[in-house]
Amino acid sequence: MALRRPALLLLLPLFGYRLLAVELTSSNTKPVVQEFQSVELSCIIKSTVTPDPRIEWKKIRDGETSYVFFDNKMQGDFATRAEILSRTSLVIKNTTRMDTATYRCEVAAPSDTKTIDEINIQLTVQVKPVTPRCTVPKAVPVGKTASLHCHENEGYPKSTYSWYRNSEPLSPDTKSNAKLQNSSYSLNPTTGTLVFHAVHKGDTGRYSCIATNDAGFAKCEEQEMEVYDLNIGGIIGGVLVVLAVLVLITLGICCAYRRGYFANSKDSGESYKTPAKPDCVNYIRTDDEVTIDLHLTSLCFGEEEGGQSTTRVGFFFRAYRLSKSKHH
C-alpha cells in the first residue's frame, strides 16, 4: 500500500534526506544611511529547488503597505531610483527621509515543500539638521531673568543642542568650568533652551547655538546680549520732571479758564474773552456756575481744611469774589 505524500515527507529525515523549503536570510536587517545616499536592502535565498522563484518587495510605513517591486517591475517613484541586485536584494538610490520604513522581501517557490518565505528589513534614513532658529534678547538689566531659545525641525534623529558664548561652550554643569561658576543658568540639550535666572555683567557676550545629530550639525549666527545696570536716579529724575510739567500745564489751563479764554464763541467758532457786564444790570449766576467757580478756585489756588486759602493770591481772590457778589 503506497504511503501518502505527507507521511512520506515525515519519513524522509529518518533516511537522511533533507526537506526542501525556500528559506531567506539577510546580511543586515537594520541598515542606516544618510539622506541622498544609496543603500542595499539585503535579501538572500538560503535554500530553494525552484529555478525561478517569484520575488516581491513591499514597503510598510505608518501602517500602510505599498508595492516596491511587483511582477518583475519597480513600482511608483522607485521605478527611477531603485533596482534588484543579485536576484533578490533591493538597492535604493538617492534616499530621502520618506524612505524610512520597514521593507518586506517575499519569495514564492512553488517547487519547494515550504513554498513561501519572507524577511523584514528596517531602513533608517538619517537627515542632517538645518540651521537652527536662535532667539537671544538684545539687552537685559542686571538681576533679571533671560531666556535664549534654539530649535530646528528637519533633522532625523532629533537634534540635541549646545550653546556657546564668545565661541566657548557653555556646560550644562556650571561647576565644571571655573569661568562659569559665577553664572546662574540652566541648559536643556533636548529643547535647546538656555535660561539665566539672574544675569550679571559677566553674562554679556555673543551667543550662538549648534544643533547636532548622527547625520551632522548646523550652527546659527552669533547674536549679542548686553547686560546693563539700572539708573535708578535717572528714572526718578525723569518721573519728577514729567510730574512738574503736568502740574504747570494744569495750572495754565486753570488760569486761562478763569480769564475767559475758554468761554463760548460766536457762530464763527472764534474764541474771545467774555465781554464786560454793563452797569445797572443784575446777573443771576446759576448753581452750576457757582460750583464750577468754586472747584476752579480750589484747583488753581488750593484750600486747606476749613476753607482757609493756602496762598496770598487765594486770599485776595476770595476777597474779590465777596466784593463782586455784594455789588450785584
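What follows is a chat about the disulfides, cores and sheets of a predicted model.

Me: Let's start with sulfur. How many disulfides are in the whole structure?
Reply: A search finds three. This is a predicted model, so keep that in mind throughout.

Me: What pattern do the disulfides follow?
Reply: Counting bonded cysteines along the chain, the pattern is 1-2, 3-6, 4-5.

Me: Take Cys43. Which residue does a disulfide join it to?
Reply: Cys105, with an S to S distance of 2.0 Å. The torsion about the S-S bond is about -70 degrees, so this disulfide is left-handed. Cys43 lies in the loop between β3 and β4 (44-47), and Cys105 in strand β10. The pair therefore ties together parts that are 62 residues apart in sequence.

Me: Are Cys43 and Cys105 buried or exposed?
Reply: Cys43 is buried, and Cys105 is too.

Me: And Cys134, what is its partner?
Reply: Cys220. Their sulfur atoms are 2.0 Å apart. The torsion is -100 degrees about the S-S bond, and the link is left-handed. Cys134 sits in strand β12 (residues 133-135). Cys220 sits in the loop between β20 (216-219) and β21 (223-228). So the pair ties together parts that are 86 residues apart in sequence.

Me: What relative accessible area does Cys134 have, and is it buried or exposed?
Reply: Cys134 has 12%, and the cut-off for buried is under 20%. So Cys134 counts as buried. Cys220 has 5% and is buried as well.

Me: Which residue does a disulfide join to Cys150?
Reply: Cys209, again with S to S 2.0 Å. The torsion there is about -85 degrees, so the disulfide is left-handed. Cys150 is in strand β14 (residues 146-151) and Cys209 in strand β19 (residues 205-213). That links distant parts of the chain, 59 residues apart. Both cysteines are buried.

Me: What about Cys254 and Cys255? Buried or exposed?
Reply: Cys254 is buried, at 4% relative accessible area. Cys255 has 39% relative accessibility, so it counts as partly exposed. The cut-offs behind that are under 20% for buried and over 50% for exposed.

Me: Switching to packing. How many residues are in the largest nonpolar core?
Reply: It has 25. Those with the most contacts inside it are Leu41, Trp57, Leu90, Ile92, Tyr103 and Leu123.

Me: Which strands supply at least two residues of this core?
Reply: β3 (39-41), β5 (54-61), β6 (64-70), β9 (89-92), β10 (101-108) and β11 (116-126).

Me: Zoom in on Ile92. What does it touch?
Reply: Leaving out residues up to four places away in sequence, Ile92 touches Gln37, Ser38, Val39, Leu41, Phe78, Arg81, Ala82, Asp99, Tyr103 and Leu123.

Me: Now sheets. In what order do the six strands of the open sheet come?
Reply: β2-β11-β10-β5-β6-β7, with mixed pairing. β2 (32-34) and β7 (73-74) stand at the edges. Each has a single partner strand, so one side of each is left without a neighbour in the sheet.

Me: In what sense do β2 and β11 pair?
Reply: Parallel, over three bridges. Val33 stands opposite Val125 in β11.

Me: What is the order in the open sheet of four strands?
Reply: β12-β14-β18-β17, with antiparallel pairing. β12 and β17 are at the edges with a single partner strand each, so one side of each lacks a neighbour in the sheet. Neighbouring strands of this sheet are turned by 5 degrees against each other on average, direction ignored.

Me: How many bridges join β14 to β18?
Reply: Four, and the strands run antiparallel. Leu148 stands opposite Leu194 in β18.

Me: And what joins β17 to β18?
Reply: Four bridges, with the strands antiparallel. Tyr185 stands opposite Phe196 in β18. β17 and β18 form a hairpin with four residues between them. In the turn, Gly192 has a positive phi of about 80 degrees.

Me: Where do the side chains along β17 point?
Reply: They alternate. Tyr185 and Leu187 point to one face and are buried.

Notes
Residues are numbered from 1 along each chain as its sequence is written. This is a predicted model: local features need pLDDT of at least 70, side-chain atom pairs count only at pLDDT 80 or more; totals for chains, interfaces and linings use all residues. Side-chain values use heavy atoms; hydrogens and water are left out. A nonpolar core is a set of buried Ala, Val, Leu, Ile, Met, Phe, Trp, Tyr and Cys residues joined through side-chain atoms within 4.5 Å. Buried means under 20% relative accessible area, exposed over 50%, partly exposed in between (1.4 Å probe, protein chains only). Contact means heavy atoms within 4.5 Å. Two strands pair if DSSP finds at least two bridges between them. A disulfide is a pair of cysteine sulfur atoms within 2.5 Å. Axes are lines fitted to C-alpha atoms, for helices over the stretch in contact, and angles run from 0 to 180 degrees between N-to-C directions.
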